[in-house]
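Reader: I'm new to this one and would like a close look at a single part. Could you take me through the charged side chains and how they pair up, then show me what sits around them?

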Amino acid sequence: QGSSDEIDRLRWLESPTDERAVAWARETTAASTAAFTGRASYQQTLGDLRRALDAAPVVSDIALLGPYAVRFRRDAQHPKGVLQRADRSGRSLGPWRAVLDVDELSRSEGADYDLRWASDRCLPPTFDRCLLSLSVAGSDKAVLREFDLAAGRFIEGGFALPISQHVVAWLNRDAIVVGHDLAGSPKTAANWPAEAYLWRRGT
């Protein structure tokens with residue numbers, strides 16, 4: 001932790017869209033990359049890390065949501081991750097099926113998406129509708145879209161928000177509670193929404 005003077009001096013770096021801050025980040029990243037790649041041990045270290053990551057894939061947490069089991073997996077072929085669903089029958093699971101490929105979505109829409117998967121954003125008791133937040137370029141801000149988990153597609157005309165800092169929760173199939181920072185809505189000192197709104201479908 002630095003002094004208050006030092007913190008104030010660096011405050012201009014906080015904005016992810018400020019051109020000066022972005023340029024500084026790119027220049028600093030390029031310098032760091034050059035320093036690392038210029039070392040004699042770089043290629044060997046890089047190879048060791050890649051082999052370790054490929055040999056031990058991360059085991060995804062599985063959420064049991066009514067008739068479904070859901071997991072979000074990342075691997076070398078899908079670094080941004082794939083949302084997968086399996087049907088449940090008693091204690092057995094059917095085959096896993098990809099319902100959302102975040103890498104493919106990013107390519108098709110020309111956006112750098114990261115899915116903030118949260119199983120509590122799916123509506124009980126059927127759990128076929130989920131509210132998905134897709135972060136853009138690692139920002140705290142994200143787009144919100146309603147997703148049909150059973151069909152594996154976004155709901156046309158469903159609940160949706162443009163890129164924003166938001167929090168959401170289902171009330172029922174046709175109503176959600178949402179807080180956002182759009183249109184001058186009040187914010188906390190940490191820039192999170194300070195008010196909650198009732199949003200009914202179709203309004």
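This is a predicted model: local features need pLDDT of at least 70, side-chain atom pairs count only at pLDDT 80 or more; totals for chains, interfaces and linings use all residues.

Author: Let's start with a group: Arg129, Glu146, Asp174 and Arg201 are linked in a network of salt bridges. Searching the whole structure turns up 12 salt bridges. The general idea is simple: side chains of opposite charge can pair when their charged atoms come close.

Take a local case to begin with. Arg51 and Asp48 form a salt bridge, with 2.5 Å between the closest N and O atoms. They are 3 residues apart in helix α3 (residues 42-55), which means about one helical turn separates them. Arg51 is exposed, with a relative accessible area of 54%, while Asp48 is partly exposed at 38%.

Other bridges reach further along the chain. Asp114 pairs with Lys80, their closest N and O atoms being 3.6 Å apart. Asp114 lies in strand β6 and Lys80 in the loop between β2 and β3 (82-89), so this pair ties together parts that are 34 residues apart in sequence. Here Asp114 is partly exposed at 24% relative accessibility, whereas Lys80 is buried at 18%.

Then there's Lys141 with Asp181, whose side chains meet in a salt bridge at 2.5 Å, N to O. Lys141 comes out as partly exposed, with 31% relative accessibility, and Asp181 as buried, with 13%.

Now for a charge without a partner. Asp103, in helix α4, is buried yet has no salt bridge. Leaving aside residues up to four places away in sequence, Asp103 touches His78, Pro79, Lys80 and Gly81.

Tyr113 itself is among the residues with the most contacts inside the largest nonpolar core, which has 21 residues. Helix α4 (102-109) and strand β6 (113-116) each supply at least two residues of that core, as do β7 (129-136) and β8 (142-148), among others. A second, separate core of 10 residues includes Leu131, Leu144, Ile176 and Trp199.

Some charges sit by rings instead. The charged end of Arg71 is over the ring of Trp96, 4.0 Å from its centre. Arg145 lies over the face of Phe154, at 5.1 Å from the ring centre.

Phe154 also belongs to one of the 3 aromatic pairs found in the whole structure. Its partner is Phe147: the ring centres are 5.2 Å apart and the planes stand at 70°, so the pair is edge-to-face. Phe147 is buried, at 1% relative accessibility, but Phe154 is partly exposed, at 22%. Phe147 brings us back to the largest core too, being another of the residues with the most contacts there.

Technical notes: Residues are numbered from 1 along each chain as its sequence is written. Side-chain values use heavy atoms; hydrogens and water are left out. A nonpolar core is a set of buried Ala, Val, Leu, Ile, Met, Phe, Trp, Tyr and Cys residues joined through side-chain atoms within 4.5 Å. Buried means under 20% relative accessible area, exposed over 50%, partly exposed in between (1.4 Å probe, protein chains only). Helices (H or I, at least four residues) and strands (E, at least two) are DSSP runs, numbered from the N terminus. Lys and Arg count as positive and Asp and Glu as negative; His and the chain ends are not counted. A salt bridge is a side-chain nitrogen of Lys or Arg within 4 Å of a carboxyl oxygen of Asp or Glu. Contact means heavy atoms within 4.5 Å. Rings of Phe, Tyr and Trp (its six-membered ring) pair if their centres lie within 6.5 Å; planes under 30 degrees apart count as stacked, over 60 as edge-to-face and the rest as tilted. A charge sits over a ring if NZ of Lys or CZ of Arg is within 6 Å of the ring centre and within 35 degrees of the ring normal.
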